[in-house]
Amino acid sequence: MDQTTDKTRKSDRRGFLKNAATGAAGLAATGPIAMAQQATLKPETGSNAEVTSNQKPGSDFMTDVLKSLGFEYCAANPGSAFRGLQESFINYGGNKSPEWITCCHEESSVAMAHGYAKIEGKPMLIMAHGTVGLQHASMAIYNAYCDRVPVYIVLGNILDANFRRGNAEWVHSVQDAAAMVRDYTKWDDAPVSLSHFAESAVRAYKIAMTPPNEPVVIVADGVLQEEPITEKHLRIPKLVTTAPPIGETSAVMAAAKMLVAAENPVIVAGRVARTPQGMKNLVELADVLQCKVMDTRMRMNFPSTHPMYGSNGAVIAYPNVSDADLVLGLEVQDFWGILNKMTGLNKFGMETEPKTKPGTKVITISAIELNHKSNYQDFFRYVESDLAITGDPEATLPELTEAVKKLLTADRRIAIEARGKKVAELNRQAHQRDRELAAVGWDASPISTARMAQELYAQIKNEDWSLVGNDRFASSWPTRLWKFDKHYQYIGTQGGAGIGYNMPAAVGAALANKKHGRLSVNIQCDGDLNYAPGVLWTASHHNIPLLTVMHNNRAYHEERMFLALLAAKYDRDPSTSNIGTELDGPAIDYASIAKGYGQYAEGPISNPNELGPAIKRALEQVKKGRPALLDVVTQPR
Amino acid sequence: MTKYLILISLLASLLTTSAFAQTKAGDVTNGKRLYEKDGCYQCHGYVGQGGTAGPRLAQIRFPLAGFIAFVRNPPSGGMPPFRAKVLSDQELTDIYAYIKTIPEPKAAKDIPLLAQ
């Protein structure tokens, strides 16, 4: 697309500015530098004159560049550092593809994009100030980085001091805007021309979408945004996304031999299924190997309806692999922690010992090693594997499955089939144990998290539903009890364990689900919601259908548990653990908060028998396209 | 796990013949108060249902002596020892009495939302 061949396009768009100009009309096309020079000569007319232009600003071209990347939405809290882009997006770009999403906090913008990407498989565009906006956004960016999720961030900044006026423009300017988040983004650039912006913008998208997927940052300079386009022969480079890295063939063959030879292999799935195809690929391998698949639910990797699904029990992230003679780890976050145990409480010289049997073989397939960084310690403890394959698991699995098939002899097929029956029966028994555990405290008040999960599931199980929040803090009851068989039915966890993620991620995921007509539901911790509750308004303002069921235990409960345990460790009073951790006295009225942000809401609900009817009423509103929230007072976990 | 059970049994027998023998019958009301005040519910739930952070206590199978021995010397995991300075044998006896009052749950098959 050559911008200079289309000079008349939208030529009257800013005509009103020309008409509104006063004494500076004759200087309209000369830009601020010439303007300043004129002002020196004729201070009586120039010093306070408005700079107007009927020429296209650079932000129009930037808009074309960003539209070419196929973004559906741009989430932002408004900021003067990208005002040019915002004006162009709306008046020049028509506020379509991307559509502007108004956020009340930059952390919400990024976390929305995080949740959106997990459903849609591609990034949402984010804009923020290069300084204060990015500072707000940084924790959410860290979560997305740790969770290997692509987020596309455009930062406004005025690098040239001569272009800044006073007040906020100096304190909102920075030499190297992306420096603050460089440790936890994959790539960034600060283009100094429009052609540079075009190339870097396309490159950034390509990098973000290459596994390991991670956030990228492009700085949109204020001068480039707001000055008229003067560069000749501007064009937008063609985007060609990179084929994902696949494990080296001989290593994949070696892995297949080990898997076929193993008597009881176990697959541990971390962030495997980037797309629905990843889930299919893992199912095909499990079907061939007939071995247990432990899905840590960092992604929706494996259907819970499959007989090989082994993720029962409370601690989904750290499955029991003690009976395995081979463990295949697919993009597992803390694989060492699954293979080994250590002293329960921190201390120097923590004892560790393997959870696995002596002689158990370990294989890893991971793309993370392609982009390790050193400052933030998200790489976890070193795994002493027998075979380590660098590659994207989703893309590597088909070759591995084919290699396994070719190696299977008739004898091994018989043994594997027998193993499959045994594994399926063990998994069935484990699932039954979970159901019996869910019955304990069924009629309790505060409401048990198992009861809450099942009351919700009863109302949605016949719909095309999607659980767009993290269920870990609710003892993973949905993961343990619901039937998940579609990739979009669960979006996993925060990544960096940064609280404040869940509510905006749920709104972002629900936004992605909206056009597919899916019913989005979210189990929402109270502590998490309080970081930036304004995202409830964003959901209302943009008519994002989403049912939020509060898991309101009235505390930052994880920390409360830590404090009680430490007090006991030191022979001190554990009853003080509420100080600094409880969210009570007064109890926070989440229903009133949600109503204030324009949502349908009910609560607090403490009687378990009242929950089902309340969910039904709320879902009626959600099906009309409106977000709703139920404040449910729950057991701690 | 077997070695822990042996250890617990050993400690239980020691406790039975020492200070533990001096405790009175458990006070359910005080046990419930302590269960909540000192944070047992935080990991095990208000009705001992268990969860991500701690195992189920409802319908506990340990005898009282085994329960006290476990709390004093829990096997490796997230729970530290709760020594007598924090919870006396009598207080643990009261907590145990409360836990024992937690009613038996229905079978999952008898709860429509859990019957599959």
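Reply: One region calls for caution at the outset: over residues 1-47 of chain A, pLDDT stays under 50. The structure is a predicted model, and chain A as a whole has a mean pLDDT of 91, with 91% of its residues at 70 or more.

Me: What share of the contacts in chain A with a separation of 6 or more joins residues 24 or more positions apart?

Reply: Such pairs make up 79% of those contacts.

Me: Why is α18 of chain A called mostly covered?

Reply: A residue is buried if 20 or more other C-beta atoms lie within 10 Å of its own. In α18(A), twelve of the 13 residues are buried, and the helix is accordingly described as mostly covered. Among the buried residues are A:N502, A:P504, A:G508 and A:N513. For chain A overall, 53% of the 637 residues count as buried.

Me: How do you know that the length of α18(A) is close to expectation?

Reply: The expected span is 1.5 Å times one less than the number of residues. Helix α18 (residues 502-514) has 13 residues, for which 18 Å is expected, and its first and last C-alpha atoms are 18 Å apart.

Me: What makes up the largest nonpolar core, and which residues have the most contacts inside it?

Reply: This core has 205 residues, and A:I126, A:V268 and A:L282 have the most contacts inside it. Helix α7 (residues 132-146) of chain A provides the largest share, nine residues. Beyond its neighbours within four places in sequence, A:V268 is in contact with residues including A:M294, A:P319, A:V321, A:L330 and A:I338.

Me: Which helix gives the most to the side of chain A that touches chain B?

Reply: The contact takes 38 residues from chain A and 32 residues from chain B. On the chain A side, α21(A) gives the most, with seven residues. That side divides into 17 nonpolar, twelve polar and nine charged residues.

Key:
Residues numbered from 1 in each chain as written. Chains lettered and ligands numbered in written order. Predicted model: local features only at pLDDT ≥ 70, side-chain atom pairs only at ≥ 80, totals over all residues. pLDDT = per-residue confidence, 0-100. Contact = placed C-beta atoms within 7 Å. Helix = DSSP H or I, 4+ residues; strand = E, 2+ residues; numbered from the N terminus. Nonpolar A, V, L, I, M, F, W, Y, C, P; charged D, E, K, R; others polar. Core = buried A, V, L, I, M, F, W, Y, C linked by C-beta atoms within 7 Å.
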